[in-house]
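Work through the exercises below with the sequence and the model side by side. Each task is followed by a solution in steps.

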Amino acid sequence: MTSGALTAGVVVLLVSLGAVAGPLVGLSPWWLTVFVALGLGSLTLDAARFGGRGGHLLAEALPGGQERLRRIAIHEAGHALAATSDGLVVQRVLVGSLACLRAGVDSGGCTEFALPESVKLSAEDLRRWSRVLQAGMVAESLIYGGSVGGDDDRALLGRLWGLSGFDVATARMEQRRARREVEQALRDRRVEIEAEAERLLQAAPRFGRRPPP
């Protein structure tokens, strides 16, 4: 679900509850009109101020937000651990929509690497990137039984293989091979994944939460 859809869903839910419960508690229709206006205003503010990510910011601030952030942290921990093993430099790891918003990144979480010197990579470098970029999805699958993130990772991986001049069949075969390799590597490092995720989670900012010292 997109952030705009999530925010709109929250607004629609509140308005619907007001319409149903209002007459039961003697709430004036005038107040419902106010609620609708505030809801529409919140959608406009979300789009203008938060780039449509207000729904995610709200979800992460609510009591259940910690588990949402933990899943993001697991995903990013997979990237970070695989990058360290494969010799790729991790520049920073962001967990949560608030951290990404502050950094000017349109995402719910991301791991940033030092960019390669050339867009046309060797087969070995592409295999390395294939392992690292798929490691987030693999980490999620190991802990949760499946992954919900990774669309951006797959898109970037496809672009890297395409820009390097390899045909689609070769790219898919090598990516499947890389996934098997990183699955085996991370399966043996589950404790490390969870420990790194916990560290990232503790550092992740949230509305209403005092930042760590």
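**Exercise 1. Secondary structure and conventions**

How many helices and strands are there in the protein chain?

Solution. The model is predicted; local features need a pLDDT of at least 70, side-chain atom pairs count only at pLDDT 80 or more, and totals for chains, interfaces and linings use all residues. Residues are numbered from 1 along each chain as its sequence is written, and side-chain values use heavy atoms, with hydrogens and water left out.

Step 1. Take helices (H or I, at least four residues) and strands (E, at least two) as DSSP runs, numbered from the N terminus. The protein chain has nine helices and two strands.

**Exercise 2. Confidence**

State over which residues pLDDT stays under 50, and how many contacts the model has there.

Solution. Step 1. pLDDT is the predictor's confidence in each residue, from 0 to 100. The protein chain averages 80, and 69% of the residues score at least 70.

Step 2. Residues 1–8 stay under 50 in pLDDT; for them the model has 17 contacts (heavy atoms within 4.5 Å) beyond four places in sequence. Residues 42–48 are also below 50, with 13 contacts beyond near neighbours in sequence.

Step 3. Where pLDDT is low, the predicted coordinates should not be read in detail.

**Exercise 3. Salt bridges around Arg131**

Identify the salt bridges that join Arg131 to Asp86 and to Glu181, and place each residue in its helix.

Solution. Step 1. A salt bridge is a side-chain nitrogen of Lys or Arg within 4 Å of a carboxyl oxygen of Asp or Glu. The whole structure contains 16 of them.

Step 1. Asp86 and Arg131 form one, at 2.8 Å from N to O. Because Asp86 lies in helix H4 (residues 65–86) and Arg131 in helix H6 (residues 123–144), this pair ties together parts that are 45 residues apart in sequence.

Step 2. Glu181 and Arg131 form another, at 2.9 Å from N to O. Glu181 belongs to helix H8 (residues 168–187) and Arg131 to helix H6, so the parts tied together are 50 residues apart in sequence.

Step 3. Check burial, where buried means under 20% relative accessible area, exposed over 50%, and partly exposed in between (1.4 Å probe, protein chains only). Asp86 and Arg131 are both buried, Arg131 with a relative accessible area of 14%. Glu181 is partly exposed at 31%.

Step 4. Arg177 forms a salt bridge with Glu181, with the closest N and O atoms 3.2 Å apart. Arg177 and Glu181 are four residues apart in helix H8, so about one helical turn separates them. Arg177 is partly exposed, at 35% relative accessibility.

Step 5. Collect the network: salt bridges link Asp86, Glu124, Arg127, Arg131, Glu174, Arg177 and Glu181.

**Exercise 4. Nonpolar cores**

Which residues touch the most other members of the largest nonpolar core?

Solution. Step 1. A nonpolar core is a set of buried Ala, Val, Leu, Ile, Met, Phe, Trp, Tyr and Cys residues joined through side-chain atoms within 4.5 Å. The largest has 31 residues, of which Val95, Trp129, Leu186 and Ile193 touch the most other members.

Step 1. H4, H6, helix H7 (151–163), H8 and helix H9 (190–203) each give two or more residues to this core.

Step 2. Beyond its neighbours within four places in sequence, Trp129 contacts Leu88, Phe113, Ala114, Pro116, Leu121, Leu157 and Leu160.

Step 3. Another core, of five residues, lies apart from it; Leu94, Cys100, Val105 and Cys110 are among its members.

**Exercise 5. Aromatic pairs**

Describe the geometry and burial of the pair formed by Phe113 and Trp129, then do likewise for Trp161 and Phe166.

Solution. Step 1. Rings of Phe, Tyr and Trp (its six-membered ring) pair if their centres lie within 6.5 Å; planes under 30 degrees apart count as stacked, over 60 as edge-to-face and the rest as tilted. The structure holds two such pairs.

Step 1. Phe113 and Trp129 are edge-to-face, 5.6 Å centre to centre with 90 degrees between the planes. Phe113 lies in strand S2 (residues 109–113) and Trp129 in helix H6, so the pair ties together parts that are 16 residues apart in sequence. Phe113 and Trp129 are both buried.

Step 2. The ring centres of Trp161 and Phe166 are 5.2 Å apart and their planes lie at 75 degrees, so this pair is edge-to-face. Trp161 is buried, with a relative accessible area of 2%, whereas Phe166 is partly exposed at 31%.
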